[in-house]
Amino acid sequence: MSDRYLFSVFSKPWKMPLPELAQLVRQMGYDGIEFPVRPGYQVEPENVRKGLPLAARILGDYGVKIASISGPTDEDTFAACAEAGIPFNRVMAYVGDVPYMQREAELIKEYSSLVPILERYQVKLGIQNHCDRFVANAMGLRHLLERLDTRYIYAVWDAAHNALVGEEPELGLDIVWDYLGMVFLKNAFWKRVTGPEAEDVDWRPYWTSARQGLASWPRVAAELKRRNYQGVVCITAEYTDESSVVRLATEDLQYAKKLFLD
């Protein structure tokens, strides 16, 4: 762990027992994780009050910090975060098939209703940009956050999704800078999945390693260093080649540390 950055990994790919997870995370070189509180994982939503503090203690015994979770936004989850010493719960702002501005108004109402709970437990909610039918870019995040209590609700800026929607990293970071709470690093490019003769062309993200996608990690790191960012840098271990996740997440961490720490 550096003085300025905590490098974490999203542990979504691994449903193994917690001691094994901790050993794997340390073996890959990470100091922390983002921990999914979801059905089928080590802590499920219905037992979060007991399970999450216990998980934090077990992982902590191996030197692994839960830097954030990705889980429900009910009071039990925030109370468990507070007891476990976990500062952040990350969500994505889903728009779906509702008209965008209508859905934005609904999200503002939904997130604003959480502020008394966040204040009670002194935990923060992070909203991540995500391509497709979500709040997808930096300006969308800013427009949402400008209407929320940003003492408790902040931006999680994702470099890959930023690149997939065509934003330059320096511009994206400038737009969300006033509200930035955490940085996500992964990489992807658009891959055509229909043949050249198809009447309707379909493109999907191909999740790849740090050097191979649309997001320039060197430019992201340079801009964050220039702005003196300090905090969590989460490498999300999302790769289309699921057989290579451990290798790629290890290599991407080494690359990120070179960019941020050299």
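Figure 1. With a relative accessible area of 34%, Arg219 counts as partly exposed, a label for anything between buried (under 20% relative accessible area) and exposed (over 50%), using a 1.4 Å probe and protein chains only. What you're looking at is a predicted model, where local features need pLDDT of at least 70, side-chain atom pairs count only at pLDDT 80 or more, and totals for chains, interfaces and linings use all residues. Residues are numbered from 1 along each chain as its sequence is written, and side-chain values use heavy atoms, leaving out hydrogens and water. Arg219 and Glu170 join their side chains in a salt bridge, 2.7 Å from N to O; the term means a side-chain nitrogen of Lys or Arg within 4 Å of a carboxyl oxygen of Asp or Glu. Glu170 belongs to helix α8 (residues 169–176) and Arg219 to helix α9 (residues 217–226), so their bridge ties together parts that are 49 residues apart in sequence. Helices (H or I, at least four residues) and strands (E, at least two) are DSSP runs, numbered from the N terminus. Glu170 is partly exposed too, with 26% relative accessible area.

Figure 2. Across the whole structure, a search turns up 18 salt bridges.

**Figure 3. Lys186 meets Asp158.** Here the closest N and O atoms of the Lys186–Asp158 salt bridge are 2.4 Å apart. Lys186 sits in the loop between β7 (180–185) and β8, while Asp158 is in strand β6 (residues 153–158), so this pair ties together parts that are 28 residues apart in sequence. Buried or exposed, which is it for Lys186 and Asp158? Both of them are buried.

**Figure 4. Two loops linked by Arg133 and Asp97.** Arg133 makes a salt bridge with Asp97, and their closest N and O atoms are 3.4 Å apart. The pair links distant parts of the chain, 36 residues apart: Arg133 is in the loop between β5 (124–128) and α6 (138–145), and Asp97 is in the loop between β4 (88–92) and α4 (100–112). Arg133 is partly exposed at 47% relative accessibility, whereas Asp97, at 70%, counts as exposed.

Figure 5. Most residues other than glycine have a negative phi. Yet Asp132, which isn't a glycine, has a positive phi of about 75°. You'll find Asp132 in the loop between β5 and α6, and its 52% relative accessibility makes it exposed. Gln122 also isn't a glycine, and its phi is positive, near 55°. Look for Gln122 in the loop between α5 (115–121) and β5; with a relative accessible area of 55%, Gln122 is exposed.

**Figure 6. Helices α2 and α3 packing together.** What angle do α2 (residues 48–61) and α3 (residues 75–84) make as they pack? The angle is about 30°, and the axes of α2 and α3 are 8 Å apart. (Axes are lines fitted to C-alpha atoms, for helices over the stretch in contact, and angles run from 0 to 180 degrees between N-to-C directions.) That's why α2 and α3 count as roughly parallel to each other: the cut-off for roughly parallel is under 35 degrees, with over 145 being roughly antiparallel, 65 to 115 roughly perpendicular and the rest oblique.
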